[in-house]
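Let's take a friendly walk through this structure, with the viewer open beside the text.

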Amino acid sequence: MSAHADTHAHDDDHGHHHKETFVTKYIFSQDHKMIAKQYLITGTIMGVIGVLMSMMFRMQIAWPEEPNVLFEALLGKWAPDGVMDADIYLALVTIHGTIMVFFVLTAGLSGTFSNLLIPLQIGARDMASGFLNMVSYWLFFLSSVIMVISLFVEAGPAAAGWTIYPPLSALPMAQGGSGMGMTLWLVSMAIFIASSLLGSLNYIVTVINLRTKGMSMTRLPLTIWAFFITAVIGVISFPVLLSAALLLIMDRSFGTSFFLSDIFIQGEVLHYQGGSPVLFEHLFWFLGHPEVYIVILPAMGLVSEIMASNSRKPIFGYRAMIASILAIAFLSTIVWGHHMFISGMNPFLGSVFTFTTLLIAIPSAVKAFNWITTLWKGNLQMNPAMLFSIGFVSTFITGGLTGIILGDSALDINVHDTYFVVAHFHLVMGISALYGMFAGIYHWYPKMFGKMLNKNLGYIHFWITAVCAYGVFFPMHFIGMAGLPRRYYTNSNFPLFDDLANVNVIITIFALIGGVVQIIYLYNFFSSIFFGKKATQNPWKSTTLEWTTPVEHMHGNWPGDIPHVHRWAYDYSKPGHDVDFVPQNIPLKDGEEELQH
Amino acid sequence: MTALLTIIVLVFILVAIWQMVKIFDLAQAKNENSQVATDKDNTMNAYLMMGFLAFIYIITIVCFVKWGDLPLMSNSASAHGPTIDNLMIISMVIIFIVQTITQFLLHYFAYKYKGEKGKKALFFADNNKLEAIWTIIPVIVLAGLIIYGLNTWINIMGVDESDDPLVIELYAQQFNWKARYSGADNTLGKANVRLIDIDRANILGLDEADPNAQDDVITTELHLPVGKPVLFKMRSQDVLHSAYMPHFRAQMNCVPGMITQFGFTPTVTTADMRETAQIKEKVKRINDIRVEKSKPLLEKGEDPLEPYDFDYLLLCNKICGKSHYNMQMKIVVETQEEYDAWIKEQKAFKNSLIN
């Protein structure tokens, strides 16, 4: 590694020595900027699939008895006469969750922006290992392909919920989707984890070793802090999911009994003895909970950066922001049991997890207040990225607050696995992380493609999405509190819930509008690559190093020397300067003091 | 069909928006940074922020007024129910206050400090006092919630054997529930799925040699005597299920290979619950909806939906396969005399076997 870093340190003319072919430039590229774009576009495609699925099952929930031509067209044999089958409903819910959590909000979000921004913002020519980076992307691509292929297997895709709790996921006789569909799901996820680990190790090594001169850890933009800590959490927790997946594969294919015991199904006793599904739950959530922070921390980093830049103000409480990221990261690894209060786990353990879980509210509250204070007395530039950042804080607060209820084991008894949970996590990690991702895309699109996104389309995209997000998930809390369980194909067998049917129709209408309106964004995204306005070098007047690189991408990022860093990343509107931003590579003036932030 | 029409209308709206944006773009000055927000954009979005704040408040009020009449907030039917409901209400009030204030500050600042050319933001990077305040306040509030919550949790989950609870097994399988009463000895007989013998109608795998098993009673409806503590022992024969009894604020997973437990004391009989004003109103509302839904069925010559009357329910609340959405059991809470009469009519295990 040090040898590699060495070459980077003095190869100022590193760059166009060898001619690039189409394949090395666009397909098997080792350039972090191209890999970032590959992640983004693959993530976008997966996102479209995931959102389409949610629109389909929302229609099923709202109009359960009605045949639907869309189902007939898209689901084929799974929707005889256009009426959705109950098995495929569960499969849609399962794959929607898997795709959105892992493929869009982990790989699509973290993969894109860690790759794009880590080298550019710390002042490095590229990632520590361009080759590993390329392998990481192609493993992700392969796992995406396998996941998509799993949708077409004969007995149906995995349908045991994205948490794939055995025995349901382990026994093909328990459910059609637990046959070939589940095998492919597990293979896809195993490859995905390998990809994620390679990526994370690369990010960690790059941030530690390749910072440019002057870029101390306390001068790093918060984006980099967020990506760095995210990668650390990923390295700690993803291998545990891999082991859970491997053990499940063994139970499924080799007759071991890690998670299974005493099962009688379809008239026969199975041989499994001595395993426990609760063990799987522990292993799954040991990743599963940190995973939600793997999703949300990068979004927090992006939002912090964008808010500071567009408020023309330093981020408030830089050190507190770093401390809260560290606190969240630490706590995130010791709270997984709050998913298992009523799993049969010892109630005393439940008490411990309630305690640690509610503690997370403290660093989260600090972050929220710091963002709000960053806006105070700012000079807010309402670019689309800024709108999505403000929207992020709004949904993060709304969704985060209900975590106080769910994290409280006594209250969880009655809302566990109801729509209350669905509403909570969609707002706090689904919508919020998506907003963070959109904010990042609107903000760094000029850096990625050298073109500008159309701002008016961005405004329309944001406002309709914002209204729909609340329209979908706010009322959803209330049907959850009324006791409606999630993952029900239809509620018509429960007259008890008849008076909630109209709420479900309202939710679905908002969901459909919210889904369809993303076409505006997709149109904006893809057409701007070709027809967008040419970007200037630093369109948002930001201080970070990526805006000192030329608009045209080049291998090695800077044509001359790598800039040295003389100040932190948030010298916006600093007194004593004519302009309202001072880039990190500008030396301190005579007598100017670097803020003791 | 409704869905398709909705989508077509949406697509048309999109096309219209797209055209409008194009016109808007063409009308704009062709300067270099035309895709960066101008003062006009800042002002427009600042006003929209205030509009959005109003939207959040309105949707909150509408939800509470229209759907805030929740089983979770009142009329629980178990002894521990009110403690959960109180904690819930306290948490909700705290959440409501924090939500109202922080959303106001966020959107109001976004409105108030909208960007203007020539304005300079305040260079305000740090303030230890402020940060200490908003670290300490959450710490105090959460400490209170944690102590209160844990206290409630321990009281609910701790089973007091000296109460001599009625022991009942809840048995889950794809896709129905069975209840096993422990009989006069109040001890459940030993059981394992390996002992299931469908031909002999030993469907729960009871140990036929165990004397405790002889007087066990297996039923498909759950009857509970009011005011008597019940201790449920949960078992599943195939996959994970979750025994969810929302009216009693009770839930516990059923895990193959292990026995889980949950205890509570039902406090309101089904008959009494049906007479409460809240349930009467709910039943009426549901029946109005069912009459409405029956109209098209009658036109087609099909049977109308049956009128609804309130019953306590046990639902499955852990994804368990295709018919997860229809895995339920009726719960009847009744007086001790009614319960005694009912249980007397049920067959004891030793008499239910086919030889």
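Predicted model: local features only at pLDDT ≥ 70, side-chain atom pairs only at ≥ 80, totals over all residues.

Between the two chains, the contact draws 124 residues from chain A and 114 residues from chain B. On the chain B side, the elements that give two or more residues include helix H1 (2-27), helix H2 (39-67), helix H3 (81-112) and strand E9 (312-316) of chain B. The most comes from H4(B), with 15 residues. The classes on this side of chain B are set out here.

| Class, side of chain B that touches chain A | Count |
|---|---|
| Nonpolar | 69 residues |
| Polar | 28 residues |

In chain B, five strands make an open sheet with mixed pairing, in the order E3-E2-E1-E5-E8. Strand E3 (217-219) and strand E8 (260-264) of chain B are at the edges with a single partner strand each, so one side of each has no neighbour in the sheet. From one strand to the next, the twist averages 25°. Strands E1 (residues 166-173) and E2 (residues 176-181) of chain B run antiparallel and are joined by six bridges. Opposite B:Glu169 stands B:Arg180 in E2(B).

Over in chain A, helix H9 (residues 277-311) packs against helix H13 (residues 384-401) at an angle of about 125°, and their axes are 9 Å apart. H9(A) and H13(A) are therefore oblique to each other, and their crossing is left-handed. H9(A) contributes A:Ala299, A:Val303, A:Ile306, A:Met307 and A:Asn310 to the contact, while H13(A) contributes A:Ala385, A:Met386, A:Ser389 and A:Phe392. Seven of these contact residues are nonpolar, two are polar and none is charged.

Key
Residues numbered from 1 in each chain as written. Chains lettered and ligands numbered in written order. Contact = placed C-beta atoms within 7 Å. Helix = DSSP H or I, 4+ residues; strand = E, 2+ residues; numbered from the N terminus. Nonpolar A, V, L, I, M, F, W, Y, C, P; charged D, E, K, R; others polar. Pairing = 2+ DSSP bridges. Axes fitted to C-alpha atoms, helices over the stretch in contact; angles between N-to-C directions. Parallel < 35°, antiparallel > 145°, perpendicular 65-115°, else oblique. Left-handed = near helix turned anticlockwise from the far one by under 90°.
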